[in-house]
Each structure stands twice: as structure tokens, then as C-alpha cells.
Amino acid sequence: MIELGELRHGDEHEPEPVPRRGAPPARTGRAVLLAVLALLTLAASAPPPAGQRYVTIAGPPEGTFRIADGRLFVIDDPTGRGGTPEVAAYPLPVGDRLWRLRLPRGQQPVDLHLAAGSLLVLTRTPESGESTATAVDPATGRVRWRQPGYPLSARHGLLLFEVQSPAGGPAVLRGVDAASGAQRWSRPVPAGGVGYEFGPDGIGHVVLLGPSGRVQVLDGGSGAVLRVGRMPATATTADGQQPGVFLVDGLLMVDDRAGTLTAYGLDRLDRRWSIPVESGLGQILERCGDGLCLRTGRPGLGLVDRATGRVRWRVEASGTVWPLGDRLLVAADGEQREVDLVLLDQRTGRQLGALGQWQLSWADPTRDPMIGLRRLDGGGRLVARLDVTTGRSEALDVLSGEWDGCANDRRVLVCRQPDGTLGVWRLDR
């Protein structure tokens with residue numbers, strides 16, 4: 001851990017004070033411009049609610065943004081223009097900027113995440129490719145700690161960092177407290193690598209793969225060793241390659257790359273079942289309600305019984321899948337921004353409905369409203385709330401111009417224009 005000590009006024013990592021209300025507009029986005037969007041009446045759909053208000057924020061074309069903790073965080077990366085990268089925060093619905101934080105020179109911003117009450121600013125050193133995570137107080141912008149590596153959220157407020165040893169030795173897996181940056185535990189990563197079981201509350205289990213099929217199962221939060229065993233299927237394949245190993249819903253899955261997928265229980269490391277898969281194609285197995293969705297590299301989706309490995313059904317569908325109650329929402333693969341959205345019955349795979357072609361706003365559809373955008377003839381974008389229960393869409397607004405890269409939570413929708421300007425629309429009115 002790097003001790004930052006007390007940040008003095010003028011330190012390059014200290015957030016700048018919030019400008020006074022009424023400050024003149026500037027290109028850096030010091031003020032927020034308010035406007036009222038004129039709504040258009042749509043044919044063949046209900047008109048949007050009157051008085052829909054939006055806010056625009058001047059932003060950089062190279063930047064990105066994140067909605068989290070009731071705030072809007074915006075990254076400006078002007079390194080190509082000789083500037084210093086920074087992060088700014090706005091309250092939602094948007095008002096005056098809360099704070100602005102300059103990042104160290106030579107660090108390229110990559111992404112933003114919220115974990116255990118800290119905003120994680122992820123950066124990369126272009127020359128070496130090394131990643132760094134900086135934990136920031138989301139309310140004030142003050143730096144709490146900084147760690148090398150790329151963090152993964154685990155249970156109990158922990159972050160996991162897989163860091164290469166400076167002396168060229170084996171990598172080390174470190175469990176770090178997200179609030180303080182203090183290391184809670186560490187384990188060397190064996191030659192076989194490491195696997196993570198991702199869940200709604202972070203990583204639940206970690207598997208360390210050693211030589212000759214040796215396996216250690218760790219608790220993702222505490223780092224405690226829950227089980228040690230040995231599985232022949234984790235040895236190298238006939239052609240000398242490492243088999244594909246991943247974790248899902250309490251199972252350790254091993255793809256022998258020869259056409260067989262085998263499941264082991266994480267509690268006892270006992271073999272549960274094997275199923276044939278298409279050799280040479282990418283396999284994705286993820287939790288879908290009480291089953292497992294199996295996606296392959298060619299159009300095809302199947303639901304696998306978690307206990308027996310029996311394939312309940314298969315359909316010719318392909319794309320991102322979200323389990324929503326007793327339904328599955330499938331966003332079809334494709335190169336177009338607007339993709340076909342279909343609803344499947346989770347029990348049978350039967351298609352229940354189609355929502356049409358939409359460009360989805362980034363959100364968690366299991367928690368936030370699903371917002372879609374569609375290009376209209378003659379220009380503009382229709383914004384609608386998509387209801388997976390009824391299979392219908394509710395028109396909310398029509399946006400003039402080219403808006404893209406949208407995200408939303410329950411209260412707002414945020415989209416970006418090519419010039420970097422951000423538009424923020426109220427969804428709760």
C-alpha cells in the first residue's frame with residue numbers, strides 16, 4: 001500500500017474547489033447549461049410526456065462517463081492534446097460540478113467503477129501497459145489510496161488484485177480492503193492460473209490451478225482455503241494446451257478443447273456431469289435462473305440443468321442474455337448498433353415476443369429500466385422504455401442530432417454527442 005498522507009492545498013491529486021454559482025461558461029465544463037427540449041409528436045405511438053427536461057454538459061470527445069452512487073462521473077483524457085487527464089463529478093439530476101481531480105501525468109484513464117463506497121479510477125501506463133487503481137471519495141474527490149494492478153470486486157468489501165512479482169517471479173493474488181486499501185490476504189498464483197466465480201455481490205470463490213491437476217478453492221472475500229483436491233481433467237490436453245477452466249454458480253467447469261465440458265462441484269471437487277460441446281468454438285456458460293445458459297461460437301443457445309447437465313432445450317438464437325424472472329431477454333449479435341431483442345420462456349425456450357430493433361442504453365436490466373434508442377427516418381433518435389413483461393415500448397422523447405454511448409439508472413439517461421457534449425434526461429418525471 002502507498003501511504004498518501006495528508007493532501008495539502010495545491011497537491012496535484014487534490015480535488016479543485018467547486019466554482020461559485022453563476023460562474024461564466026467555459027469549454028472545460030465549469031457551468032451546466034439548462035435547456036428545454038421541444039418534443040415531437042410521434043405517429044403510431046403515444047406522444048412523450050410534456051415538459052421533459054434535459055441538461056447538457058460540455059465534455060471532451062475522448063472522454064467517457066459513469067453513473068454511480070447518484071452521481072455522474074466524467075473522464076477527460078486530453079493527453080493527445082498535451083493536457084493532463086482528470087475526473088469530474090456532478091450530482092444527479094445534474095447541477096453544479098461537485099469536484100474535479102487531476103490524475104498523475106503519464107497515466108491514461110481506462111474506466112471507472114464504484115466498489116464498497118469508493119470510486120475506483122482505473123488508469124494504465126501506455127509504455128509498460130501496467131494498470132493502477134486509485135480509490136476516490138465519490139462525494140469529495142479526495143484520494144483514499146492507490147494500488148498497482150486491475151481490481152475485481154469480491155464479497156465483504158474486498159478487491160482482488162492479480163499482480164506480477166517485480167522480481168519476475170510468480171504472480172500474487174492480493175485481497176485488499178476497498179475502503180482503506182489495506183491488504184487482508186495474499187496467495188501466490190500457481191502456473192495453472194486462477195479462476196473466478198462472479199456473482200451479483202462480487203467474486204464468491206477463487207480457484208488456483210496447480211500442476212498435475214492440483215486445485216485450491218478459496219473464499220473470495222476472506223481468502224480462506226475451503227478445499228484442496230486434484231482433478232485429472234485439469235492436466236494439459238493431448239496437444240499440450242491448458243484446458244479451458246471457468247467457474248459458474250458453484251461449479252468448476254473444464255473444457256478439454258476436444259468436445260467435452262465437465263462440471264465439478266466446488267464444495268467437494270467431485271465430478272458431477274459431462275456434456276458434449278462443439279470443439280473449437282467458444283463456449284460461454286452462465287447462470288440463467290435455475291439453469292445455465294450455454295452459448296456457442298455459432299448461433300445457438302441452450303439451457304443446461306445445473307444438477308444433471310441435461311440440456312433442457314436449444315434454440316437458434318445468439319447474443320447477450322439476461323435472465324429476467326421466468327424470461328430470458330436475448331440481444332442478437334451483430335455489427336449494427338440497433339439489434340433485435342427477443343423474449344424467451346426460460347422453461348421451454350419458446351419465443352414469447354419481440355421488442356424489435358433497438359440500440360440499448362448501458363444499464364443492468366435486472367435493476368434499472370431498460371432504455372432503447374432507434375434512428376428515425378429523417379433524422380433524430382426515438383428514446384423509449386422497453387417493458388419485457390408486456391413486450392411493449394413506451395415512447396419517452398425524440399433526440400435531435402447524433403447521440404450515442406448512452407447509459408442510465410432509474411432516474412436519468414445520459415448520452416454523448418460526437419463533440420463530447422453529454423445530455424442528461426430525467427426518467428422519473
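Let's start with Arg-312. Arg-312 is partly exposed, at a relative accessible area of 27%. On the cut-offs: buried is under 20% relative accessible area, exposed is over 50%, and partly exposed is in between, with a 1.4 Å probe and protein chains only.

A word on the source. This is a predicted model, where local features need pLDDT of at least 70, side-chain atom pairs count only at pLDDT 80 or more, and totals for chains, interfaces and linings use all residues. Residues are numbered from 1 along each chain as its sequence is written, and side-chain values use heavy atoms, with hydrogens and water left out.

Back to Arg-312. What does its side chain meet in a salt bridge? The partner is the side chain of Asp-290, at 3.3 Å, N to O. The criterion for a salt bridge is a side-chain nitrogen of Lys or Arg within 4 Å of a carboxyl oxygen of Asp or Glu. Strands here are DSSP runs of E, at least two residues, and helices are runs of H or I, at least four, numbered from the N terminus.

In general, side chains of opposite charge can pair when their charged atoms come close. How many salt bridges are there in the whole structure? The search finds 20.

Take Arg-295 next. Its salt bridge goes to Glu-286, with the closest N and O atoms 3.0 Å apart. Arg-295 counts as buried, at 17% relative accessibility. Glu-286 is partly exposed, at 21%.

There is also a network. Salt bridges link Asp-267, Arg-268, Asp-270 and Arg-272.

One further pair: Glu-402 and Arg-381. Their side chains meet in a salt bridge at 3.6 Å, N to O. This one links distant parts of the chain, 21 residues apart. Glu-402 is in the loop between β33 (392-399) and β34 (404-408), and Arg-381 is in strand β32, residues 381-387. Are these residues buried or partly exposed? Glu-402 is partly exposed, with a relative accessible area of 38%. Arg-381 is buried, at 2%.

Arg-381 brings us to Gln-359. The side chains of Gln-359 and Arg-381 make a polar contact at 3.1 Å. That term means a pair of N or O atoms within 3.5 Å; within protein, one must be able to donate a hydrogen and the other to accept it, and residues adjacent in sequence count only if both atoms are side-chain atoms. Gln-359 lies in strand β30, residues 351-360. It is buried, at 10% relative accessible area. Contact means heavy atoms within 4.5 Å. Setting aside neighbours within four places in sequence, Gln-359 has contacts including Arg-337, Glu-338, Asp-404 and, again, Arg-381.

Gln-216 counts as buried, at 17% relative accessibility. Not counting residues up to four places away in sequence, Gln-216 touches Val-206, Val-207, Leu-208, Val-225, Arg-227 and Val-228.

On to the cysteines. A disulfide is a covalent bond between the sulfur atoms of two cysteines. The rule used is a pair of cysteine sulfur atoms within 2.5 Å. How many disulfides does this rule give? It gives two.

Cys-288 and Cys-293 form one, with their sulfur atoms 2.0 Å apart. The S-S torsion of Cys-288 and Cys-293 is about -115 degrees, so this disulfide is left-handed. Cys-288 is buried at 1% relative accessibility, and Cys-293 is buried at 0%.

Cys-406 and Cys-415 are joined by a disulfide too, S to S 2.0 Å. Here the torsion is about 110 degrees, so the disulfide is right-handed. Cys-406 counts as buried at 9%. Cys-415 is buried at 0%. With the bonded cysteines numbered in sequence order, the pairing reads 1-2, 3-4.

Last topic, a sheet. Four strands, in the order β3-β4-β5-β6, form an open sheet with antiparallel pairing. Pairing requires at least two DSSP bridges between two strands. β3 and β4 (residues 71-76) run antiparallel and are joined by five bridges. Within that pair, Thr-64 has Ile-75 in β4 as its bridge partner.
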